[in-house]
Amino acid sequence: MNDAKSTVEKLYKGNGKLYLACLCVGLITGAIVSCYRWGLGKIGVIRREYFSEVNLNNPMALLKVWALFIVIGLIVNYLFKKFPKTSGSGIPQVKGLILGRIDYKNWFFELISKFVAGVLGIGAGLSLGREGPSVQLGSYVGYGASKLLKKDTVERNYLLTSGSSAGLSGAFGAPLAGVMFSIEEIHKYLSGKLLICAFVSSIAADFVGRRIFGVQTSFDIPIKYPLSINPYFQFLLYIIFGIIIAFFGKLFTVSLVKSQDVFNGIKLPREIKVCFVMTVSFILCFVLPEVTGGGHDLVESLIHQKAVIYTLIIIFIAKLFFTSISYATGFAGGIFLPMLVLGAIIGKIFGECLDLFAATGTDFTVHWIVLGMAAYFVAVVRAPITGVILILEMTGSFHLLLALITVSVVAFYVTELLGQQPVYDILYDKMKKDDNLVDEENQEKVTIELPVMAESLLDGKAISEIIWPEEVLIIAIIRNGVEKIPKGRTVMMAGDILVRVISGLSPTNTWLIGWKEVCMPGLITGRSPGSFAITSDKQRIKWMIS
């Protein structure tokens, strides 16, 4: 029992040295992500200027540019094969690291590879975002800090979460969204200590970013509340829009997953497939440059320019298709920003249609662009709090707070009815794991701690009322920091921590995953089963989930 008590105290007790380490992780991550963001901006400008000068009447110049795209694709492909953990957005890898399913064995070289591959790939026009790589870059910094400071697994996970928060904060200048995303989507566990670590790191990264890029928000969006439009009519439109965008969110997730399956299923050398994708990027840079790159400039143009509806539909289809095949390559790049762009396009189409039939005005159309970004993010990622906070920080306006919450909740609920899993959970399930990380020597007797959540099947039930697995023995209940020995008539309450002894535990034990629906009612919707934080003695496992 002393071990159980010391573990709980360690998880909740403040630690000044840990907070200082998180601060350093945030500052370093902020500097790296700012350089990454600056590099992407510069290479994007060079790409647009070059393609505006080269015309179709100069075949030699076109051939040279096409050859350059192919070379860049092969270089990034080499980095992908050399360091496979740097593939994609990197967010599933961070989740896998916290879950104990993968390890950063060459974290420093992987960090460099992620940086270089992201700048080259996105710079060559691939429809990928900077935010996912920024999150993983932060996790590399946090992992490196834990190795240099010789932290155990629990504090390592604090540093990983802090680095991830700092990465998103530095990418978008959104410190609060960085904190919420790491907690809501990556760590899935909340404590006061973890919250402070994430905040310290996220704010530090944002401070560094603001010294380089200024204090302006990511999007310059003039928002004026439409007082002339009936508020009940507005609220009805918010509900309708949330329902519509939920279906498009499912379309995005399905397209992303299916494109990976098709890309990997084509029986051709990977280099040939990469050359094809880079050729598509080269063509689109001429024909439809709006869909290349992350898409930040496209969102700005939607806000300040009038657009024809059928043109917007073409851009949406092209952006969706190109984002899917770009991500299918496995190149370093995220789906965060392209996802927001697609939501903005849907919002623009919806707003233009309303203006066409109900004469709602251009000011109201801008609202749908903002709402579309938030709702589309929530429909795909299934992180409503992060979605609302992110758009608030990126726009710098609270005028649409009620509308943002409404469309996000509706989109979340409808997506749940559609049975669509969060995209990062799907990508995590498809990701290759390091199966050799299971500790075989310490599997005979393991103590785990499982919190009882409000409104779960355990909440308010006596221990004798529950049919427990045969290999499980409940040895203690920790309530308000006090450890008690339970009896059959002991009633379990929300907030209790059940201390159990089991045998033969591995992170994939079917009975433990099955019990997620009993103890964690919010997980019935299909979220991942949880995460393990193995302490330094590797005999206690903290079951962390929310």
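Let me start with a pair of helices. Helix 6, residues 131-148, packs against helix 7, residues 153-172, at an angle of about 145°, and their axes are 7 Å apart. Keep in mind that this is a predicted model. The crossing of helix 6 past helix 7 is right-handed. On the helix 6 side, the contact includes Gly-138, Gly-142 and Ala-145. On the helix 7 side, it includes Gly-163, Gly-167 and Ala-171. Sorted by class, this contact has eight nonpolar, eight polar and two charged residues.

Why give an angle and a distance? Two packed helices are described by the angle between their axes and the distance between the axes.

Now the second pair. Helix 10, residues 231-265, and helix 14 have their axes 11 Å apart, at an angle of about 140°. The two are therefore oblique to each other. Helix 10 also passes helix 14 in a right-handed crossing. Which residues of helix 10 meet helix 14? They are Leu-237, Phe-241, Ile-244, Ile-245, Phe-248 and Phe-252. Their counterparts in helix 14 are Met-339, Leu-342, Gly-343, Ile-346, Gly-347, Phe-350 and Leu-354. By class, the contact of helix 10 with helix 14 has eleven nonpolar residues, two polar ones and no charged ones.

Staying with helix 14, which spans residues 336-358, we find Glu-352 there. Is Glu-352 buried or exposed? Its relative accessibility is 6%, and buried means under 20%, so Glu-352 counts as buried. Leaving aside residues up to four places away in sequence, Glu-352 touches Lys-306, Ala-307, Ile-309, Leu-312 and Thr-365.

Next, Ala-31, which sits in helix 2, residues 16-53. Ala-31 has 34% relative accessibility, so it counts as partly exposed. Along the chain, Ala-31 and Asp-206 are 175 residues apart, yet their C-alpha atoms are separated by 9.6 Å.

Last, the strands. Strand 2, residues 473-479, is mostly covered, with five of its seven residues buried. How is strand 2 joined to strand 3, residues 482-484? Three bridges join them, and the two strands run antiparallel. One of the pairings is that of Ile-477 with Lys-484, its bridge partner in strand 3. Strands 2 and 3 form a hairpin with two residues between them. In the turn, Asn-480 has a positive phi of about 55°. As a general point for reading such strands, in a regular strand the side chains alternate between the two faces of the sheet.

Methods: Residues are numbered from 1 along each chain as its sequence is written. This is a predicted model: local features need pLDDT of at least 70, side-chain atom pairs count only at pLDDT 80 or more; totals for chains, interfaces and linings use all residues. Side-chain values use heavy atoms; hydrogens and water are left out. Axes are lines fitted to C-alpha atoms, for helices over the stretch in contact, and angles run from 0 to 180 degrees between N-to-C directions. Helices (H or I, at least four residues) and strands (E, at least two) are DSSP runs, numbered from the N terminus. A crossing is left-handed if the near helix is turned anticlockwise from the far one by less than a right angle, and right-handed if clockwise. Contact means heavy atoms within 4.5 Å. Ala, Val, Leu, Ile, Met, Phe, Trp, Tyr, Cys and Pro count as nonpolar, Asp, Glu, Lys and Arg as charged, and the others, Gly among them, as polar. Buried means under 20% relative accessible area, exposed over 50%, partly exposed in between (1.4 Å probe, protein chains only). Angles under 35 degrees count as roughly parallel, over 145 as roughly antiparallel, 65 to 115 as roughly perpendicular and the rest as oblique. Two strands pair if DSSP finds at least two bridges between them.
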